[in-house]
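Have the model open as you read.

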Amino acid sequence: MPILNRAAELQGEVTEWRRHIHAHPELLYAVENTAAFVAEKLRAFGVDEVVTGIGRTGVVGLIRGKGEGRTIGLRADMDALPLTEITGKPYASQTAGKMHACGHDGHTAMLLGAAKYLAENRNFNGNVAVIFQPAEEGGAGGDAMVKDGMMERFQIAEVYGMHNMPGLPVGHFAIRKGAIMAATDEFTVSIKGLGGHAAMPHKTIDPIAIGAQIVSNLQLIASRSANPLKSVVVSVTKFNAGNAHNVIPNDASFAGTVRTLDPEMRDLAEQRFKQIVTGIATSHGAEVEIEFHRNYPVTFNHADETEHATAVAEEIAGSGNVIPNIDPMMGGEDFSYMLLARPGAFIFVGNGDSAGLHNPAYDFNDEAIAHGISYWVRLAEQRLNA
């Protein structure tokens, strides 16, 4: 079947909500106004239970069906990014230095549209928990909601997430079993050498030369330490040292990220990283400090739930418009914490020919709204009437 008629009818109203959220972006956990907007809408829809303050500023609405049964969770993220918007749209951000450059405004609006539909019809047994999460963009809001007892409080048995994808046509979906997005670890390395005159390098311990050698050798993790069939990315994105042409500085530092797709490779990458950094620095007589922070884990789609999600997407979009085994992506996503707590699946919905995510020219494509609402509704009905 194509998109639901009621979803198409709701598109105009949901677009208004989306553009309101877009014009008033908020960051990380400081999404009080967005959360209040969401809670107000859920109560107006007649959602049976609306709970705020989960994971600090998250919102959960519980919609009870026509009969007894289990509960599934549907999740959207609410926070924006610290960017200055350049779209020039009439509904562009009204807050300098903040914008919805990842489409979380669209995710929130689509799930609100689905909540309205589900509250109107209740064509399912059991319950649907609609989850509106803060702080996806680096704040681990998904983890905060899980640690706040959300899964147990609402007795959530399965959980599902969705994200827009620029470049994928509107009305199309993409998904895969297993790892679909990467673990995102971060590092900072500080090298303490011995500074001196640039004309007398033999009397120094040059932290720049040592750091450059380390940066180069870190690429051996992927080319020589990792199984060639496994994925690992090590990127140094900052390098700071010195402030004069004729002085070798005492110190240098660099920072970056490590991306992996399975726990074993994550462990290996961290181990080899520390060995390479320490080994090279020590061999040159320098001191070194390593800060290695494990950030979001791998976003891992469970097999059975992915099959169900794929079937629903094919029902909405047609089998030719669903990529069932898309290549995994090395970006991170904190829905991963919810998938560690409960089985479920994460899917991409097409955003068409738009600017890329985290780009100041990006805007969510409102033509995707009815497709997203239809997916959420049919997924809930299918899983709770099985």
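## α1 against α3

In this predicted model, the axes of α1 and α3 come within 8 Å and cross at roughly 140°. An angle over 145° would be needed to count as roughly antiparallel, so α1 and α3 are oblique to each other. The way α1 passes α3 is right-handed.

From α1, the contact uses R6, L10, E13, V14, W17, R18, I21 and H22. Facing them on α3 are D105, G106, T108, A109, M110, L112, G113, K116, Y117 and E120. Sorted by class, that contact has eight nonpolar, four polar and six charged residues.

## α1 against α2

Helix α1 runs over residues 5-23 and also packs on α2, at an angle of about 160° with the axes 10 Å apart. With the cut-off for roughly antiparallel at over 145°, α1 and α2 therefore get that label. The crossing is right-handed.

On the α1 side you'll find W17, H20 and I21, which meet T34, F37, K41 and F45 of α2. The class count for the contact of α1 with α2 is four nonpolar, two polar and one charged. W17 and I21 of α1 turn up in this contact and also in the one with α3.

## α2 against α3

What about the remaining pair, α2 and α3: how do their axes cross? Helix α2 (residues 32-45) and helix α3 (residues 104-121) have axes that come within 9 Å and cross at roughly 15°. Angles under 35° count as roughly parallel, so that's what α2 and α3 are to each other. Their crossing is right-handed.

Helix α2 brings F37, V38, K41, L42 and F45 to the contact, while α3 brings T108, L112, A115, K116 and A119. By class, you get seven nonpolar residues, one polar and two charged.

## Zooming out to the domains

The unreviewed UniProt entry carries the annotation "domain: Peptidase M20 dimerisation" over residues 187-278. Across residues 187-278, the chain is 37% helix and 33% strand, and the end C-alpha atoms are 14 Å apart.

How values were computed:
Residues are numbered from 1 along each chain as its sequence is written. This is a predicted model: local features need pLDDT of at least 70, side-chain atom pairs count only at pLDDT 80 or more; totals for chains, interfaces and linings use all residues. Side-chain values use heavy atoms; hydrogens and water are left out. Axes are lines fitted to C-alpha atoms, for helices over the stretch in contact, and angles run from 0 to 180 degrees between N-to-C directions. Helices (H or I, at least four residues) and strands (E, at least two) are DSSP runs, numbered from the N terminus. Angles under 35 degrees count as roughly parallel, over 145 as roughly antiparallel, 65 to 115 as roughly perpendicular and the rest as oblique. A crossing is left-handed if the near helix is turned anticlockwise from the far one by less than a right angle, and right-handed if clockwise. Contact means heavy atoms within 4.5 Å. Ala, Val, Leu, Ile, Met, Phe, Trp, Tyr, Cys and Pro count as nonpolar, Asp, Glu, Lys and Arg as charged, and the others, Gly among them, as polar. UniProt positions are given in the numbering used here, feature names are shortened, and annotations may be inferred rather than shown by experiment.
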